Amino acid sequence: MKKISSSVTARATIGALFFVIGVFLVVFAFFTTGLRSATPSAGTLNPGGPTVSWAGTAPGGSSLDESTCVEGVNCDTFILTLSGTPTNWTGLKARIVISCADPSGVSDYDLYVHKGDNTGPIVPGGESAHGGTPPEVVDLDPSNAAIGTGQFSVHVVYFSATFAFQYSGSASAISTSAGSGLIPSAPQDTGPKIGFENFEAPGTLVQVTDSSQGPTAHTVEYMGHDAGEPSVGVNWTSPNSATGVTNFQSDLQTLFIKFDDSCPSSGQKATWYDSPAPTSQLVDSDPIGFTDRDTGRVFAGELTLTSPSCKISFTDTDGLDALGQPTLAGWSPSSGPLGSGIDHETIGGGPYHAPIPPPSPYPHAVYYCSQDLVTAFCLRSDDGGATFGPSVPTYTSQCGGLHGHVKVAPDGTVYLPNNSCGGTGAVVVSEDNGLTWNIRTVQNATNQTVANPNLQDPAVGIDSTARAYFAMSSSTVAGSATGGSSAVVATSNDRGQTWQNIYDVGAVYGLKNIAFPAAVAGDGGRAAVAFYGSTTSGDGSANNFNGVWHLYVANTFDGGQTWTTTDATPKDTLQRGCIWMHGGADICRNLLDFFDMTVDKQGRVEVGYVDGCTDGTCAQAALTAKGNAYTARGVIARQSSGRRLLANFDPPNPLHAKSVPGMPSVTQRRVGSAVSLAWSEADTGNSKIKSYQIWRGTATGAETLLTSVGETQTTYNDLTAIDITKTYYYKVLAVNGVGTSCANNEVAAPYVGDTCSGLTLQQTPPGHPEQPAQGAAPVSLAIDYIAAGEPPGTSNLMFKMKVTDLSSVPPSSRWRIVWNSYAAQSYDPAAEQFYAGMRTDSNGAVTFEYGTVATAVVGLVIGVPTETTIGALPGSSFNADGTITLIVPKSVVGNPQPGDLLGAVNGRTFTGDTSETQNLERSTLLVDHTFVKAQRDNGHPAATYAVVGNVACAEPTPTPSPTPRPHPSHPPH
């Protein structure tokens, strides 16, 4: 049953808000209806099943408990009969679950189970915890003489709920060995918190020979900006960094990152470079990486579309050639495609299990695992990945869902975690170097993990004593995603045969939905897990989910007995709305399916994750705003304070250590003559923040102190950035009792216009290889910039596309502005994007139109976006200088309100249209791939527009005047 996460007083306050509504509904119900029961009103549960289901029908309102509710108004009843005798139920119990799909998390129901009818006694354990958001869970054990079998009254009280979000009830027969309905909250570690700094992939264009979006003669991409499903690792043997060189594998890029903890006065604390593997090519998908930290070998693998084959390359030199340059010469490819499944590949490695096979040139076993639609396979390499042996099935129909990353323990035991083996999380284990495999479910007599219908990888980490740490997004309600999920961890000292310390490490933050758990371990007893989390309940993968997500990291230093959890992105939303977990091409699948974590040479936790709400427009939007940036930008959250996973690198006096704060993560949004700053501090150094210093300059590295603000303020509006010819540069420094944070967090705020004439959202930088000067695109199709705005005094959106020149307009061509919006589903349930644009027919005649884009998926990975025209756009025009202006009534594109976001806004041009291609948006005729990958924003900065409401261009509300302070000439290092 639910843990009470808020005070009784707070919960009563919520109930009071519904009191007047409840009184009205009581009167209304008596005058308009008879008393209501659940639908259906009764059912019988047999020991062999099936599950019995029903739904509430009462109008709703508010009632504190059974004594104050009115049957059929704010409570209703379902009569449940347990058939047979207690003997028939030997080894079984009945689980009753009340859940609700309210995405806001406001709806609240309470559950009471009586013997007989509602006048009978409440059975032992028959009252749910009444802790707030559903689900409510009660288990009935017929072997208890006070329970037995026969008739029971399942009485549901609408504590604070309306008819709009009715509850769903279910009763199912489960094993008595199954744990309680909800996993208990993890006991809290009493030591200092673990702090993190976040390092985002830089907005640097890199030349690439291949793009996963399609082939072009000249292709560039932003580094780490289409970074879904990243793999991370650290080369502990590298001579290039004292802490080890980190690698970040995603899409077709393999990025390497070196960290400098001296806080250099020139340069950055993190430097990134790209050294793509020779086997990462445009026909590839499902990238995976692995770093053998003990040998320093880095692996990069890619599936070849949906064919059952994988290509792998490896490097022992951090992707560098003999001259120290990141080139293909720094890599060695494996000897050919591997036989594999068609999805979800993973690479891992480590020591051999005894008995050790004959010696080979590489000291560790390397495993490659993948899955078909049912069966999962693993292959072993004994020569460091140069060749692989035959595939061995690890499981077939015993497990479903998805497996996670393969991990190898110090004793050679191999673990392949799985989301659902018989409805429970599990590890599939080999103790003979991958020759045979055994399934071991994660449960004990008290608690069990529950498979999540929203398909996600679970994770496992193994410490130096071979203790395993399991992490998964465990469903709150079996078989349903509507009840949300929990961040469940467990430990095993016997290779998964038994499990202890099964806890919810997200409950301390009131988390109701969890996505993409990852795990890593270090010294004995020390481990960490990471996951995305939301405090909003309901189905986190549903398109109408309106929660926001942060990154959380939980650490244990005593083998899983206690945990300390950190919000690693406070005040910095990394995704708005849903995280899609069912494959395909939904727009909220921008983060794809997993992320990864590792530990550096000095014991710091590093999490390689993806930010779907990057830059100021999205990150600074109100929590209630609709829309998202739909980015997929790679970020590393790196530990900056607290105890390490390697005890030798703990700070002095580790249980009481304090340090300077970590660097705040800063975002900016410049509109007209105002710059809005916001920052997120994920590391106080375990010492109270005293103030934040805001530094500003008009040249990079030349900032001076602008002002200081109090310790609780994390936003600032600079109304003096009035020179539109200048780019303003900012840094935000945190000050605590120990000192001042490193000043390596500079952000640039160039002038991009205003909402009246248009804010520039994407701009092709000088020297771009797809521009006319490089001969790669005609002037009529090469996009210089796109912009969005709202003409004052109207109810329209305005989009602008500037191409180099339109003095000659080519026939059979299209110029498109496309953005993501679930409002498109009102026209076509399959559509999740709008477009507005200009078209020429075969004679060169120009028309303007808007419509929807629906992306069908062919096979598993190929998206085919198709336009459907809805109507014309009167008032739109183009000029010979290349400016296309599109006027779009808000009412025809979902009527976005002030504060809402238009995300992944991008420009696309097509030419040479035929009757077969004129409505397709994924085509080799698409000229420019730089800014967009399918429905994901691949640009820099993110092309997100915040609706303001067609007002005259006004400045933000001023920040209160700060107290004058001395102004140093440069920030401390």
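Reader: Is Phe-834 buried or exposed?
Author: The relative accessible area of Phe-834 is 1%. Buried means under 20% relative accessible area, exposed over 50% and partly exposed in between, for a 1.4 Å probe and protein chains only. Phe-834 therefore counts as buried.

Reader: What pLDDT do local features need?
Author: Residues are numbered from 1 along each chain as its sequence is written, and side-chain values use heavy atoms, with hydrogens and water left out. This is a predicted model: totals for chains, interfaces and linings use all residues, side-chain atom pairs count only at pLDDT 80 or more, and local features need pLDDT of at least 70.

Reader: How many strands are there in the protein?
Author: Helices (H or I, at least four residues) and strands (E, at least two) are DSSP runs, numbered from the N terminus. Of the 973 residues, 61% count as buried. Besides three helices, the strands in the protein number 64.

Reader: What is the geometry of the pair Tyr-109 and Tyr-158?
Author: Rings of Phe, Tyr and Trp (its six-membered ring) pair if their centres lie within 6.5 Å; planes under 30 degrees apart count as stacked, over 60 as edge-to-face and the rest as tilted. By this rule there are 20 aromatic pairs. With centres 4.8 Å apart and planes at 70°, the rings of Tyr-109 and Tyr-158 are therefore edge-to-face.

Reader: How many residues apart in sequence are the parts that this pair ties together?
Author: Tyr-109 belongs to strand β6 (residues 108-115) and Tyr-158 to strand β9 (residues 150-162). Tyr-109 is buried at a relative accessible area of 0%, and Tyr-158 is buried at 0% too. The parts tied together by the pair are apart in sequence by 49 residues.

Reader: Which residues are linked into a cluster by ring pairs?
Author: The rings of Tyr-827 and Phe-834 have planes at 85° and centres 6.1 Å apart, so their pair is edge-to-face. Tyr-827 counts as partly exposed, at 39% relative accessibility. Ring pairs link into a cluster Phe-799, Trp-819, Tyr-827 and Phe-834.

Reader: Which ring lies under the charged end of Arg-643?
Author: A charge sits over a ring if NZ of Lys or CZ of Arg is within 6 Å of the ring centre and within 35 degrees of the ring normal. Arg-638 lies in this way over the face of Phe-259, at 4.3 Å from the ring centre. For Arg-643, the charged end sits 4.1 Å from the centre of the ring of Phe-557.

Reader: Why is strand β25 largely enclosed by the rest of the structure, and how many of its residues are buried?
Author: In a regular strand the side chains alternate between the two faces of the sheet. In β25, Ala-376, Cys-378 and Arg-380 point one way and Phe-377, Leu-379 and Ser-381 the other way, and all are buried. β25 (residues 376-381) is largely enclosed because the number of its six residues that are buried is six.

Reader: Which residue in β26 stands opposite Ala-376?
Author: Two strands pair if DSSP finds at least two bridges between them. Strand β24 (residues 365-371) runs antiparallel to β25, with six bridges, and a hairpin of four residues joins β24 to β25. β25 also pairs with strand β26 (residues 392-395), in the antiparallel sense over three bridges. In β26, the residue opposite Ala-376 is Tyr-395.
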